[in-house]
4 protein chains.
Amino acid sequence: MAKQFDIVEEIVTANRILANEGIVDSFGHVSVRHPKRPDRYLLSRARAPERIEASDIVEFTLEGDPIDAKNAKTTHAPYTERFIHGAIYESRPDIHSVVHNHSPSTIPFGITSTKLKPLLHMCASIGHDVPLWDSHDEFGDTALLVNSMAMGRDLAKRPGKGRSALMRGHGAVVAGTSIRHSVFISIYLEVNAKLQMQAMQMGKIKHLTKGEIDAVIARTGPYTLNRAWENWARRAGRPMQAAD
Amino acid sequence: MAKQFDIVEEIVTANRILANEGIVDSFGHVSVRHPKRPDRYLLSRARAPERIEASDIVEFTLEGDPIDAKNAKTTHAPYTERFIHGAIYESRPDIHSVVHNHSPSTIPFGITSTKLKPLLHMCASIGHDVPLWDSHDEFGDTALLVNSMAMGRDLAKRPGKGRSALMRGHGAVVAGTSIRHSVFISIYLEVNAKLQMQAMQMGKIKHLTKGEIDAVIARTGPYTLNRAWENWARRAGRPMQAAD
Amino acid sequence: MAKQFDIVEEIVTANRILANEGIVDSFGHVSVRHPKRPDRYLLSRARAPERIEASDIVEFTLEGDPIDAKNAKTTHAPYTERFIHGAIYESRPDIHSVVHNHSPSTIPFGITSTKLKPLLHMCASIGHDVPLWDSHDEFGDTALLVNSMAMGRDLAKRPGKGRSALMRGHGAVVAGTSIRHSVFISIYLEVNAKLQMQAMQMGKIKHLTKGEIDAVIARTGPYTLNRAWENWARRAGRPMQAAD
Amino acid sequence: MAKQFDIVEEIVTANRILANEGIVDSFGHVSVRHPKRPDRYLLSRARAPERIEASDIVEFTLEGDPIDAKNAKTTHAPYTERFIHGAIYESRPDIHSVVHNHSPSTIPFGITSTKLKPLLHMCASIGHDVPLWDSHDEFGDTALLVNSMAMGRDLAKRPGKGRSALMRGHGAVVAGTSIRHSVFISIYLEVNAKLQMQAMQMGKIKHLTKGEIDAVIARTGPYTLNRAWENWARRAGRPMQAAD
């Protein structure tokens with residue numbers, strides 16, 4: 001019970017951090033797989049991340065059905081794009097938290113098909129590469145929103161066994177082993193994109209080597225995630241919980 | 001009466017949001033068509049948007065004459081460029097709110113005649129394209145200010161049936177169906193311009209398709225506008241009113 | 001006496017505005033010609049603009065000698081570069097306020113000899129062009145600081161009858177008819193430089209025409225300056241004084 | 001004793017300044033050589049710079065062993081990369097403070113092998129040039145972290161007798177004669193990098209001449225450092241201590 005409360009506060013903090021660090025604006029969301037029921041996840045009702053409170057957090061099946069259906073029809077309307085989350089949890093048992101955002105520096109990569117690859121050690125967590133998903137390939141002219149499990153499942157294939165994928169004309173999706181992990185990757189995905197845009201104008205980039213990426217990933221654990229989380233949480237006016 | 005009060009608070013909030021999000025600096029303005037008298041509109045006296053209070057809001061005829069002429073000559077001097085608003089309301093019965101700004105990322109497009117086109121789903125609301133108006137074409141060497149109905153009417157032709165137009169060496173104008181709509185478009189016009197400037201340096205851009213733009217516009221309703229508005233209003237230190 | 005007090009508060013506000021708007025960092029300064037003694041000017045002791053209080057303001061002769069010499073040797077050490085101010089007041093009776101800054105977007109223009117010219121109506125006040133002064137031409141290898149009347153006078157020739165000049169590898173100087181005027185020009189010089197850097201990457205720029213620049217300058221009076229000043233002062237946490 | 005306390009408060013202020021000015025994010029650190037024992041240095045426990053308090057500061061031997069070993073195993077785990085600091089103090093008796101950061105604008109220089117050179121008088125303190133260290137040259141595929149004295153000593157060779165060096169895919173290191181000096185250089189290294197990236201796109205840059213760099217360095221003393229420090233400390237919500 002106390003545990004359940006913790007996860008809810010953690011997901012609220014994640015939303016506030018992503019807003020405060022400029023990774024989401026009035027849109028975008030972050031979820032966590034239910035700690036006791038792996039066939040469910042927790043996600044806010046449809047609301048801007050910067051405004052989210054504990055009472056906004058709702059429980060969903062992996063298919064995106066709210067457990068409290070009545071509530072969903074009155075005060076707690078769900079995000080249209082919640083299917084992104086369920087589809088990734090369904091196909092990736094190793095994933096426990098998902099972020100969907102419109103992180104500003106990632107957009108130019110998706111619309112120009114420029115390969116986004118890690119160039120800074122802190123950014124190795126984004127993975128060896130960041131595949132691109134274009135909703136138009138499979139679904140044609142849509143509002144680009146992932147509003148069904150069919151679209152969610154198509155998108156979920158793109159990260160493969162990786163950590164992230166870009167969505168053309170839309171944003172990005174990030175998959176982590178914990179809330180702190182998915183938030184960490186999201187923030188450094190934006191950092192890498194911004195730096196790569198700048199460096200591209202200056203000359204040929206020496207990206208991290210494959211071996212370097214693997215070495216950084218191997219040592220990025222709670223020690224690193226918690227140091228950053230404490231800082232980001234406090235900057236967003238949120239308390240630091242002891243890590244899970 | 002309570003209704004009239006609401007609209008005034010709403011237009012104050014709109015001004016504060018535009019300032020807080022960096023869409024206007026000490027100049028620029030946002031108006032709303034009078035909810036009961038379609039031949040009038042409400043606009044602040046000449047003052048920086050970030051400073052505007054409810055008592056600054058003034059009622060005008062579409063020709064730009066203040067209803068309270070005496071006030072206009074003492075404490076409530078009007079904006080020189082109020083004609084932008086009336087000219088658009090006059091020619092477009094579907095428009096209920098107009099924004100004029102010097103939104104920073106839009107300026108380079110106007111002065112280099114670079115076509116600004118939506119590349120992100122959130123930005124489809126700017127319309128299929130953003131026409132350019134150059135005051136010099138019709139009026140020659142002026143201070144570039146739209147200081148007469150003649151200039152306002154010439155500018156008002158440019159958006160056509162669309163939502164926005166650029167003004168060379170000056171800024172932009174945005175036309176929406178409500179205050180929340182015109183503010184929403186203004187903010188994402190800036191977002192699109194900034195992203196397009198960056199992406200242009202990286203390669204050929206895949207913009208949204210015509211079908212995608214139409215699909216996004218078709219589904220951008222109160223659900224979307226209110227979520228963003230709640231967030232922007234609170235960020236600007238303003239309360240969220242229940243939508244009209 | 002009350003008048004003297006006003007000018008001191010005004011110059012404090014000018015310093016705070018320039019810091020708050022990012023035009024100066026820990027260095028840079030703004031002065032005003034003494035309202036009753038045109039052969040003197042008021043300038044802060046050597047201190048970062050964001051920290052300046054009324055008690056920091058010092059009176060100088062145009063040659064840069066502090067009137068209170070004893071104070072200058074103890075608590076109120078003067079800026080090394082105060083000679084910039086006196087040299088401009090000496091050669092330009094029409095000038096009543098001078099700003100010297102390292103405004104970030106102006107620096108790349110000075111070191112690449114790129115012509116900075118107005119492209120936005122708000123920026124016409126910078127003048128038809130912004131000449132470049134390189135201290136190396138006349139003085140060779142120095143610390144680039146204008147630390148004598150000889151250097152100040154050489155620099156003062158550069159704006160000619162204009163409003164501004166760039167200093168290679170150093171910053172800019174701005175000359176206005178009042179404190180509000182020099183601050184206004186300084187802020188829009190930075191705006192113009194930033195926009196021109198962006199637009200240059202996009203294509204050929206259509207700058208303001210000569211006639212447009214003259215038309216804007218002709219109508220930029222207290223109405224415009226005060227609207228901006230009220231906003232900038234409040235943003236910097238300073239009261240708005242009734243204009244001089 | 002009072003002296004020891006001062007240095008601790010100074011290093012806390014240095015951390016807060018570097019965070020507040022955007023030179024470090026959740027990572028990066030600044031140390032000072034022990035004022036009475038030149039074979040030791042003071043550095044925070046592993047924590048984000050923005051969060052550091054006086055009680056976090058720990059004393060180390062130059063080899064990176066914490067004097068209070070028990071504490072280091074419980075509440076005060078040290079930074080993995082503390083070896084950067086000891087290795088520089090070991091080889092450079094003239095150095096009394098070291099900063100390691102991931103300063104954003106410096107990264108593109110390190111990964112594109114673009115020479116970073118001073119172009120603004122305030123930036124002369126970075127030195128005539130900023131050598132590049134690539135951990136891959138000597139150590140191959142690693143997590144890029146300087147986690148041993150061997151790596152620290154290899155890196156320490158790179159600044160030579162200078163003030164700074166870039167680390168490919170990682171960040172930068174800065175060496176100063178005092179805390180205020182190393183913080184000052186770090187901030188203007190970022191400024192120079194950002195301006196150089198912009199100016200490179202505009203044309204050929206006229207950098208400071210050798211003579212100019214030497215002249216600026218010769219006159220950059222407490223007068224300059226303290227003016228900036230007072231400003232940065234206050235901006236970060238920290239008191240200004242009388243200089244050492």
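Contact is taken here as heavy atoms within 4.5 Å. The structure shown in these views is a predicted model.

**View 1. The rotation relating chain C to chain B.** Two copies of a chain are related by a rotation about an axis and a shift along it. Chain C is superposed on chain B by a rotation of 90° with 0.0 Å of shift along the axis, at an RMSD of 0.0 Å. This is the relation of a four-fold axis. Within chain C, the C-alpha nearest the axis belongs to C:Gln201, at 5.5 Å from it. Of the interface residues of chain C, only 3% are also interface residues in chain B, so the copies meet through different surfaces.

**View 2. Strand β7 of chain B and its burial.** Strand β7(B) spans residues 171-176, and six of its six residues are buried, so the strand is largely enclosed by the rest of the structure. B:Gly171, B:Val173 and B:Ala175 point one way from the strand. B:Ala172, B:Val174 and B:Gly176 point the other way, and the residues of both sets are all buried.

**View 3. The strands paired with β7(B).** Strand β4 of chain B (residues 97-101) runs antiparallel to β7(B) and is joined to it by five bridges. Here B:Ser97 stands opposite B:Gly176. Strand β6 of chain B (residues 164-167) also pairs with β7(B) in the antiparallel sense, over four bridges. B:Ser164 has B:Val174 as its bridge partner in β7(B). Three residues separate β6(B) from β7(B) in a hairpin, and B:Gly169 in the turn has a positive phi of about 65°.

**View 4. The crossing of helices α7 and α9 in chain B.** Two packed helices are described by the angle between their axes and the distance between the axes. The axes of α7(B) (residues 179-200) and α9(B) (residues 222-235) come within 10 Å and cross at roughly 75°. Angles of 65 to 115 degrees count as roughly perpendicular, and α7(B) and α9(B) are therefore roughly perpendicular to each other. From α7(B), the residues in contact are B:Ile179, B:Arg180, B:His181, B:Val183, B:Phe184, B:Ile187 and B:Tyr188. They meet B:Thr224, B:Leu225, B:Asn226, B:Ala228, B:Trp229 and B:Trp232 of α9(B). By class, this contact comprises nine nonpolar, three polar and one charged residues.

Note on methods: Residues numbered from 1 in each chain as written. Chains lettered and ligands numbered in written order. Predicted model: local features only at pLDDT ≥ 70, side-chain atom pairs only at ≥ 80, totals over all residues. Heavy atoms only, no water. Buried < 20%, exposed > 50% of the residue type's maximum accessible area, 1.4 Å probe, protein only. Helix = DSSP H or I, 4+ residues; strand = E, 2+ residues; numbered from the N terminus. Pairing = 2+ DSSP bridges. Axes fitted to C-alpha atoms, helices over the stretch in contact; angles between N-to-C directions. Parallel < 35°, antiparallel > 145°, perpendicular 65-115°, else oblique. Nonpolar A, V, L, I, M, F, W, Y, C, P; charged D, E, K, R; others polar. Least-squares fit on C-alpha atoms with pLDDT ≥ 70 in both.
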